[in-house]
Amino acid sequence: MTTTSVTGVEVRDAARSDLPGVRRVLLAAYQQYATAMPPAVFGRYLAELLDVEARAEVGRILVAEVGGRVVGTVTYYPDAAAEGLGWPAGWAGLRALGVEPGARGRGVGRALMEACRRRAEAGGAEVLCLHTDQFMTAAVAIYTAMGFRRAPAFDFDATKRFALGGVGPVPVLGYRLDLSRQHYEEPAMDTPTIRVGALYENPVTGERAVVRVPPQEANGQLLVVDLYLRPGGRVAGEHIHPAATESFTPVTGQLALRHDGQTLHAGPGTRVEVAPGVAHDFWNASGEEVRLLVEVRPGRRLEQLIRQLFLSAQEGRTDARGRPRPLHAAVLAQEFADTIRFTSPPRLVQRALFGLLAPVARATGHRALDPEYLRRELPVVDLEPLPAEIAATIPGLAGQPTRSTS
């Protein structure tokens with residue numbers, strides 16, 4: 001596939017003979033960031049960028065030519081999950097966008113990005129995604145001008161990725177471009193501060209959650225809640241988290257879980273971790289209340305969704321399982337596709353159904369992020385004391401309060 005822009009930039013698939021030129025462009029393009037990262041991080045980062053052959057095994061190397069000379073490059077992934085950086089399967093992705101310094105200002109970067117977008121649309125991808133750093137201002141300007149928006153659920157720390165101890169965090173930021181024809185980007189709104197002790201209550205599912213550790217950049221967006229399940233209480237349905245890791249540790253009572261098709265029973269102090277993309281469900285099959293600690297990383301987006309779902313349940317806007325009604329479900333599913341996906345009905349059915357319902361939902365005033373819910377003050381309660389032997393099993397509680405807030 002070859003494309004030519006109005007500025008005379010030709011974009012095509014790289015041949016093996018182009019790979020030395022690709023490395024030359026990347027080396028020249030990224031040297032300016034040598035002082036923006038700790039030396040140990042930059043060294044590993046640059047070495048990974050220049051390993052073009054490894055990326056070509058799972059992605060497609062594209063080059064941009066001006067006058068027959070390679071002056072730009074990008075790696076396109078038809079399936080972003082193959083990149084190994086936490087993106088969901090089915091999204092398209094891109095990485096290692098670079099333009100030779102002398103060729104900047106001629107639309108080379110934009111031409112490469114447009115080539116990736118066209119390929120993603122032709123391949124039927126819902127989303128085109130990428131990672132970048134905030135100090136890469138020229139690249140970020142291209143992304144935002146094309147309509148990319150932040151996807152903080154997919155941020156990560158480069159020092160952890162490279163297993164570099166003793167080095168300060170280097171945040172890598174996720175961005176996404178929704179390619180769905182039915183996509184509607186909700187207006188940006190201020191989201192409320194998440195307070196320790198904030199109470200989220202769902203009268204339909206029988207869940208009561210109290211925030212113990214709010215998600216913050218300093219803790220890697222870790223959310224920890226004390227969750228109370230009444231007898232017969234359960235989460236709204238089996239689901240996956242495309243990018244988040246979720247862990248459950250009962251404090252009192254017996255928790256029943258379905259993990260990747262296998263039913264488990266966990267008692268006090270037993271920690272069950274669920275990896276991204278693994279289907280799971282949980283419920284209280286006993287005659288007494290179950291109290292457990294739930295850890296989610298990253299958890300900021302899940303908190304936003306829980307606020308919407310639980311307040312909807314309080315106002316009778318869900319079905320008997322606690323699932324939102326169809327029109328509300330359609331806008332929630334599109335907004336929070338990066339956060340949660342129910343396993344039933346099948347994914348293809350959900351996409352088709354919600355694609356049809358979402359425009360109707362928005363035309364009738366349905367919002368994924370209901371402004372009234374965002375403004376609502378939640379009750380704040382005391383944290384229950386946490387047994388030291390259980391607190392010691394939870395990595396995210398190190399240095400966090402384990403006693404009542406009163």
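Mentor: The structure holds three cavities of 30 Å³ or more. It's a predicted model, where local features need pLDDT of at least 70, side-chain atom pairs count only at pLDDT 80 or more, and totals for chains, interfaces and linings use all residues. Residues are numbered from 1 along each chain as its sequence is written, and side-chain values use heavy atoms, with hydrogens and water left out.

Trainee: What is a cavity, and what is a pocket?

Mentor: Rolling a probe the size of a water molecule over the atoms shows where empty space is left. On a 1 Å grid over the protein atoms alone, a cavity is a set of points where a 1.4 Å probe fits but cannot get out, while a pocket is an open set with protein on both sides within 12 Å along at least five of seven lines; lining residues have an atom within 4 Å of a point. Points are joined across faces, edges and corners, and volume is the space filled by probe spheres set on them.

Trainee: What volume does the largest cavity have, and which residues lie nearest its centre?

Mentor: About 370 Å³. Of its 26 lining residues, E207, V235, L302, I306 and F310 lie nearest the centre.

Trainee: Which element gives the most to that cavity's lining?

Mentor: Helices (H or I, at least four residues) and strands (E, at least two) are DSSP runs, numbered from the N terminus. Here α7 gives the most, with six residues.

Trainee: And what volume has the largest pocket?

Mentor: That pocket comes to about 960 Å³. It has 29 lining residues, with D155, F156, D157, G220 and R297 closest to its centre.
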